[in-house]
Amino acid sequence: MKRALAMLVTVLVVTSLLSGVAAAQETRSGETVVVEEDETVGDLTAFGGTVVIQGTVDGDLEAFGGDVLVEGEVTGDVDAFAGNVRVTGEVDGGVSAAAGNVVVGEGATVGALSAAAGNVAVEGTVAGDVQAAAGSVTLGPAATIEGDLTYGGELNRHPDAEVAGSVTQESPGAPTPLGEVPALPPWLGPLYWTLVNLVLGAVLLAIFPWFSDGVAATARTETLKSGGVGLLALVGIPITLALVAITVVGIPLSIAGAFVFALLLWVASVYGRFAVGAWLLSFANVENRWAALVVGLLVVFLVGLLPVLGGLVELAVLLLGLGALSIALYERYGDDGRSRSTGTGETAATR
């Protein structure tokens, strides 16, 4: 009990110190970066497989990822480099995007739009000019452009779409609004994040080799248990943080906890991929943790490109990694702090 109380006090002190850093954080990264519906942040730079703005960014947003979704409000400009960019909320400033697909959804409002993409679709309102260098530009029936439209490629304009200014098609050799930026394939964002995960995975294996092997072993030998624990953690921890935030004193602790939880999810997603790679290599009787990391990342990346199925597989891998990581941490530090060796000495993904 004394050890447990000591660990609890330590966690409270550390998270309290981190709360100031988390509150002032202007750069976020992770598998999924979300500004919640009731959350307001200042200028934000986000790196993630998926970046979702449901709340308010009171300033500018710079987003790099596989998918960038603006469902809430951005009071400044949006600069996005992603596989897909979709705005269904409100952007007071301009939107500059280099992506595979760029969509201003029905009911959305942006100040201006400058895009280099494979496909550009405007179904909402653009208060200023639209410059689109794309293979196809589509104006839906509810589209309203209050300025000029300058485009390259094929224009598909609904009869009810409104353009207050001029409509000009640029010649094929004319410079794009983003300075000759080519259209980006939708897999570029996930590939970028896979490389980032590779770096994190290499750090984890180098610093915690035996513990990492133990996590992979737990995921393989206790797969259903790991998935169940991961689901409980994914649902239970945010609820716990929300309950802590009810009190004024608990708000800083909850903010710091959310920051730590985001890092935990990132580490768990990498461990999940590592476990998948170790499992696949076991069929070939190969025991190499570095090969397991590369194989796991590559397989999940390729499967993740598939519609619907890819998202389900990535979620399953996250739950597997989160549960196995939670079990391994408990087995190592549980029971009055006595370290256990279960899953840490023998694994199919050793040296």
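What follows is a set of questions and answers on a predicted model.

Q: How many salt bridges does the structure hold?
A: The structure holds three salt bridges.

Q: What makes Glu39 and Arg28 a salt bridge?
A: Their closest N and O atoms are 2.6 Å apart. The cut-off is 4 Å between a side-chain nitrogen of Lys or Arg and a carboxyl oxygen of Asp or Glu, so the pair counts. Glu39 sits in the loop between β1 (27-35) and β2 (40-41), while Arg28 is in strand β1, eleven residues apart.

Q: Why is Glu39 called partly exposed?
A: Its relative accessibility is 21%. Buried means under 20% and exposed means over 50%, so Glu39 falls in between. Arg28 also has a relative accessible area of 21%, and therefore gets the label partly exposed.

Q: What makes Asp213 and Arg289 a salt bridge, and where do the two residues lie?
A: The closest N and O atoms of Asp213 and Arg289 are 2.4 Å apart, and the limit is 4 Å. Asp213 belongs to helix α3 (residues 209-221) and Arg289 to helix α6 (residues 289-304), 76 residues apart.

Q: How do you know whether Asp213 and Arg289 are buried or exposed?
A: Asp213 has 0% relative accessibility and Arg289 has a relative accessible area of 7%. Both values are under 20%, so both residues are buried.

Q: What else does Arg289 lie over?
A: Arg289 lies over the face of Trp210, at 5.5 Å from the ring centre. The distance limit for this label is 6 Å.

Q: Why is the contact between Glu222 and Lys225 called a salt bridge?
A: Their closest N and O atoms are 3.5 Å apart, and the definition asks for within 4 Å, so the pair qualifies. Glu222, at 25% relative accessibility, is partly exposed, and Lys225, at 46%, is partly exposed as well.

Q: How many aromatic pairs are there, and why is the pair of Trp193 and Trp266 called stacked?
A: There are four aromatic pairs. The ring centres of Trp193 and Trp266 are 5.4 Å apart and their planes are at 25 degrees. Trp193 lies in helix α2 (residues 188-207) and Trp266 in helix α5 (residues 250-282), so the pair ties together parts 73 residues apart in sequence. Both Trp193 and Trp266 are buried.

Q: What makes the pair of Trp279 and Phe283 edge-to-face?
A: Their ring centres are 5.1 Å apart and their planes are at 80 degrees. An angle over 60 degrees counts as edge-to-face, so this pair has that label. Trp279 has a relative accessible area of 43% and is partly exposed; Phe283, at 60%, is over 50% and therefore exposed.

Q: How do you know that the span of helix α4 agrees with what it should be?
A: Helix α4 (residues 223-244) has 22 residues and should span 32 Å at 1.5 Å a residue; its end C-alpha atoms are 31 Å apart, which agrees. Buried residues in α4 include Ser226, Gly230, Ala233 and Leu241.

Q: What makes strands β11 and β13 a pair?
A: Eight bridges join β11 (residues 130-139) to β13 (residues 149-157), and the strands run parallel. At least two bridges are needed, so they pair. Val137 stands opposite Leu155 in β13.

Q: How many bridges link β13 and β15?
A: β13 and β15 (residues 167-169) pair in the parallel sense over three bridges. Leu149 stands opposite Val167 in β15.

Definitions and conventions. Residues are numbered from 1 along each chain as its sequence is written. This is a predicted model: local features need pLDDT of at least 70, side-chain atom pairs count only at pLDDT 80 or more; totals for chains, interfaces and linings use all residues. Side-chain values use heavy atoms; hydrogens and water are left out. Helices (H or I, at least four residues) and strands (E, at least two) are DSSP runs, numbered from the N terminus. Buried means under 20% relative accessible area, exposed over 50%, partly exposed in between (1.4 Å probe, protein chains only). Rings of Phe, Tyr and Trp (its six-membered ring) pair if their centres lie within 6.5 Å; planes under 30 degrees apart count as stacked, over 60 as edge-to-face and the rest as tilted. A charge sits over a ring if NZ of Lys or CZ of Arg is within 6 Å of the ring centre and within 35 degrees of the ring normal. The expected span of a helix is 1.5 Å times one less than its number of residues.
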